[in-house]
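Hi,

Here's the structure I promised to send over. Have a look at it first, then read on.

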Amino acid sequence: MKLQRSLWYFKAAAVAGVLVIAIGSALVYEQMRLSSILTKTLDGIQNTINQLVDQETAFFIDRTRHALKDLSPLLAQYQLQQQQLLAQLDGANNAVERVLALDASVQRYGQIYAEMTVLRLQQGIDEESGRYGDFRRAVHALHVASENLQDLVLGAQLLELRRNEKDFLLRSDEQYLLNHTRLATELNDYLLTLPEPTGHALSALLAQYLESFRSYVALLKQLGLSPQQGLRGESLTAQQVMRTQLTALSEFLLTHSEQQSERLLWWVLLLMIVISSATYALLNYLNGRVSSDILKINKVLHKVTQDEDFSLRVDNQGQDEIAQIAQQVDSLLAFIETLLSRLSAAQQRLIEEAKMASLGNMVSGFAHELNTPIGIAITSHSHLKERMDNLKQDFERGNLRKQSLSSLINEAESALQLLECNLYRTANLIDDFKLVAAQRDYEGETEFNLQALVQGVLDCYQNELQTEEYHVQLEIPAELYLTSYPASFNQIFRYAINNCIRHAKIPEQVLTITITSMIVNDYLHIYLKDDGQGIPRELLPVVFEPFVTSKRNQGGTGLGLSIIYNLVSQNLKGEVKIQSPGGKGVCLHFIFPQLKYRIEEN
């Protein structure tokens, strides 16, 4: 039960690993979710504080009642966010103290803003309210009086006084305030020189103006003549404290959250390493118990595939699952051995039958081809023998005549000529038949120019390839040299061109023969094409077999393409293909993958 027990152990380890990964992933996801919520809460607090500061900026830029908004909604929003933040804190050291310190700074900032609001209302939020409205009305009354009196000196002093007033309010420079005080004294002295009651009335208006202006200046100094003075300075300090505390709190809480995430990840990784180590130790232990038998089976199977010896056996007599597998392997090997013996016997019988069938077809075809010339030779021999017997009888009887002897000589010459011609044809058929098996010995490999070799073959057929009936195109690079068997190539091209002349020519039509060669991926490709009659479709599958011809009645033997096939496939270790699209024209395609070649540089 080794395999079953091992499977259970492995399943348990796999389930434990999956559980650890699932729980660890859930914890990591939860920690990331909490970190995201914490980040959003801190961003909300940051946004609220920015809104508080923006409210103060609007308070000083926009001098309208609309700008004096109450901070209570923003402070209430901050309090809600603070409560959410406190609820999210999970035991971080000093986190609560930092939050409370930030809250104190925010509350202090709110108090300062409230005080500045009160002072701003006392100053006046527009030209008609507060101290600002009071001194403006008083100084306008002085202007009206000076215009009524048409006193140019009084008008000039008032304008100078107002210029210093505005310069002080615009630049907050104490020097302009001192000039303003001096000019007010000079103006008062001048007013007292005017006739009564005008002088004292204008002096009272000036006093009212100065009182309102000084009160306005005092309120302005409480607010702060510059951003670093008065309540404005305290507000700026409170802003800096709030931002610093918030930045420190954010860094502290985010760092604490990252540390918690890292600790959680380390624990999950540690548990995964422990479980993986335990699983590895378990698998290693089980492998030690199981691998020996499996290796033995593997060794036997390897030797079987390596040596093709199916008589080998594992010979495991155990009772566990592996032993059962070994016994099944032994049974399978025995069955395969029996099948192979049967298959070998059947294959041998098929080979013998194929050989006999092929030999029968070849002998039948060869006998059919030899029958005609040998029959003619026998007929000629019989006729000649009969005539010789007649001559002998005439000679023995004394009836031999010159005319009979002359006739016999003429007939003997014709019979011998016919006999010689058919015997030569028989000898040529026997030579072609020998070439079918491609058993001839050829000379060793030599280097030759392919274009020159093909041109030499074409020169041998120059009488047949008449210009007006044939057109030959040679597309072979002149710089292509091959290292192979030139005699084999010579015979291949001879038989191929001879086939074109004998089979492809269409009467009263020019036959174009094209011979092309090219190198593609170190393979030599040779194409021999014509635009002649083509090959019938039913002959294409068997066209390379011996004695297959479409012109047997016209002297065709059907050995040419068979000889070409054997020369290419056996002698030159190449491949030959033939195509005849639509039965019009023929293309012989020769492929030589192992041929040595070189391209001679010009």
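Predicted model: local features only at pLDDT ≥ 70, side-chain atom pairs only at ≥ 80, totals over all residues.

Residues are numbered from 1 along each chain as its sequence is written, and side-chain values use heavy atoms, leaving out hydrogens and water.

Helices (H or I, at least four residues) and strands (E, at least two) are DSSP runs, numbered from the N terminus. Two strands pair if DSSP finds at least two bridges between them.

Now the sheet: it's open, with five strands in the order β2-β4-β5-β7-β6 and mixed pairing. β2 (470-475) and β6 (575-579) sit at the edges with a single partner strand each, so one side of each has no neighbour in the sheet. β2 pairs with β4 (residues 511-520) in the parallel sense, over six bridges, and L474 is opposite I515 in β4.

On to the helices. Axes are lines fitted to C-alpha atoms, for helices over the stretch in contact (heavy atoms within 4.5 Å), and angles run from 0 to 180 degrees between N-to-C directions. α11 (residues 450-460) lies across β2, β4 and β5 (523-530), at about 165 degrees to β2.

Elsewhere, the axes of α4 (residues 130-149) and α5 (residues 152-171) come within 9 Å and cross at roughly 160 degrees. That's why the two are roughly antiparallel (over 145 degrees).

Cheers

Key:
Parallel < 35°, antiparallel > 145°, perpendicular 65-115°, else oblique.
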